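Work through the exercises below with the coordinates loaded. Try each task before you read its solution.

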Amino acid sequence: MPPSSPAGPRTYDVSPSADPSILTPVAEHDDLRDIVRAIVAKSDDTWHRLMSEVQIGTLAVPEALGGAGFGLREVGVVLEETGGALLAEPVLTSAVVAVQALLTSADPANGLMDAVASGREIATVAWSSPTDVTAEPADSAWSLTGSVQHVLQAATADHLILPAATPTGTALFTVDLHHEAVSFQGRRVLDETRPLADVSLAGAEAALLVGPDDFAQAWSRVTTAAAIGVAAEHTGMAAHLLETTTAYLLERQQFGRAIASFQAIKHRLADLLVDLERARSASRYAAAVFDQDPGEAVLAARVAAAVCQDVAIRAAHESVQLHGGIGFTWEHPAHLYVRRALSDEGLFGGSRTHRAAVAELVGL
């Protein structure tokens with residue numbers, strides 16, 4: 001999970017806080033899942049179709065701001081499918097996390113929100129330390145100087161959202177990545193579906209999104225939404241791996257029998273199914289809590305991040321092993337899920353980090 005806000009530790013009630021009724025699966029979610037799966041599987045213009053037909057950027061935007069008025073529950077349905085397909089498009093980065101960041105602005109009904117939520121322009125978020133970038137007032141705007149590392153899709157994005165240190169405290173800013181004072185250095189990556197770049201700012205012009213007084217609450221919302229989004233992707237990855245691995249084992253023959261008929265294989269698949277159900281429960285519960293009150297979803301998000309990270313890594317490793325020799329080759333996509341899961345661990349934090357945060361949140 002990205003760095004938390006500097007507001008200090010907060011103790012959370014460990015009792016359930018979401019209305020149980022909103023955790024019940026609904027038919028509309030199944031319909032949404034079918035639509036997204038069809039687009040991801042067949043379209044050559046996936047990003048455009050997801051943004052124009054499904055309008056994923058506006059799903060969690062209030063109706064008063066021109067959005068669909070849903071929440072992260074619906075966004076999670078999309079992310080499970082795009083995560084399961086290892087989609088390279090900036091769905092998580094721009095359509096989910098950046099949109100949530102823009103919603104924290106005192107004036108979210110602006111041109112940038114419309115451009116990003118509609119998919120006409122792409123935004124990304126930098127999980128930088130406030131000491132990495134400094135901001136100084138400059139005429140009617142701000143001037144940002146410093147650098148941030150490992151920024152997702154930075155080289156192809158139009159806008160960067162990042163925290164920076166101002167004379168009166170940390171604030172949240174947006175930077176036009178096409179500005180002449182912005183430069184990039186691409187990174188070698190383990191997961192080629194998620195390109196990274198270091199971004200240098202040499203007095204780049206920036207707009208204030210959230211001031212120091214409201215930064216802690218706003219940044220907590222952004223990082224919590226990111227954790228829930230990644231958890232949904234990991235759930236989708238585990239579901240896809242279980243489905244495709246089971247299908248392979250039902251076809252692969254050994255000693256005149258399908259491999260899936262052997263008791264040892266059945267136990268491994270059963271364990272993966274149990275893991276998958278744990279991941280689904282954790283990620284969907286966190287999304288439901290967020291939709292009710294983002295401020296109360298921090299604990300649930302950390303739990304989901306830890307559980308789903310472990311499940312994704314285990315499912316990826318099991319898939320490679322159960323596919324045998326072919327799972328280790330470039331001809332088969334199984335190893336790509338290992339790359340995504342391990343890359344996400346470096347980007348968003350490993351399960352140990354999340355569990356340590358959970359312990360702190362509940363006062364252990």
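**Ground rules.** This is a predicted model, in which local features need pLDDT of at least 70, side-chain atom pairs count only at pLDDT 80 or more, and totals for chains, interfaces and linings use all residues. Residues are numbered from 1 along each chain as its sequence is written, and side-chain values use heavy atoms, with hydrogens and water left out.

**Exercise 1. Strand pairing**

Solution. 
- Step 1: Helices (H or I, at least four residues) and strands (E, at least two) are DSSP runs, numbered from the N terminus. Two strands pair if DSSP finds at least two bridges between them.
- Step 2: start at β4, residues 159-166.
- Step 3: go on to β5. A164 has A171 of β5 as its bridge partner. Two residues separate β4 from β5, and the two strands form a hairpin.
- Step 4: turn to β3. A135 is bridged to L144 in β3. L144 also has a bridge partner in β7, namely A204.

**Exercise 2. Burial in the strands**

Solution. 
- Step 1: set the cut-offs. Buried means under 20% relative accessible area, exposed over 50%, and partly exposed in between, with a 1.4 Å probe and protein chains only.
- Step 2: count along β4. Seven of its eight residues are buried.
- Step 3: move to T174, in strand β5 (residues 169-176). T174 has a relative accessible area of 10%, so T174 is buried.
- Step 4: list contacts, meaning heavy atoms within 4.5 Å. Neighbours within four places in sequence are left aside; T174 then touches L102, L112, L160, I161, A206, A207 and L209.

**Exercise 3. Aromatic rings**

Task: which rings form a cluster, and how is each pair in it oriented?

Solution. 
- Step 1: A pair of aromatic rings is described by the distance of the centres and the angle of the planes. Rings of Phe, Tyr and Trp (its six-membered ring) pair if their centres lie within 6.5 Å; planes under 30 degrees apart count as stacked, over 60 as edge-to-face and the rest as tilted.
- Step 2: count. The structure holds three aromatic pairs.
- Step 3: take W127 and W219. Their centres are 5.5 Å apart and their planes lie at 55 degrees, so this pair is tilted. The two are 92 residues apart: W127 sits in the loop between β1 and β2, W219 in helix α6.
- Step 4: take F215 and W219. This pair is stacked, at 5.9 Å centre to centre and 15 degrees between the planes. Both lie in α6, four residues apart, about one turn of the helix.
- Step 5: join the pairs. W127, F215 and W219 form a cluster linked by ring pairs. W219 counts as buried because its relative accessibility is 3%. F215 is buried too.

**Exercise 4. Positive phi**

Task: are L86 and D139 buried or exposed?

Solution. 
- Step 1: recall the background. Most residues other than glycine have a negative phi, and most peptide bonds are trans.
- Step 2: check L86. Its phi is positive, near 50 degrees. L86 lies in the loop between α3 and α4. With a relative accessible area of 9%, L86 is buried.
- Step 3: check D139. Its phi is positive, near 55 degrees. D139 is in the turn of the β2-β3 hairpin. At 86% relative accessible area, D139 is exposed.

**Exercise 5. Helix α10**

Task: where do the buried residues of α10 lie around its axis?

Solution. 
- Step 1: list them. In α10 (residues 351-361), S351, H354, A357, V358 and L361 are buried.
- Step 2: find the cover. It includes α8 (298-322) and α9 (334-348).
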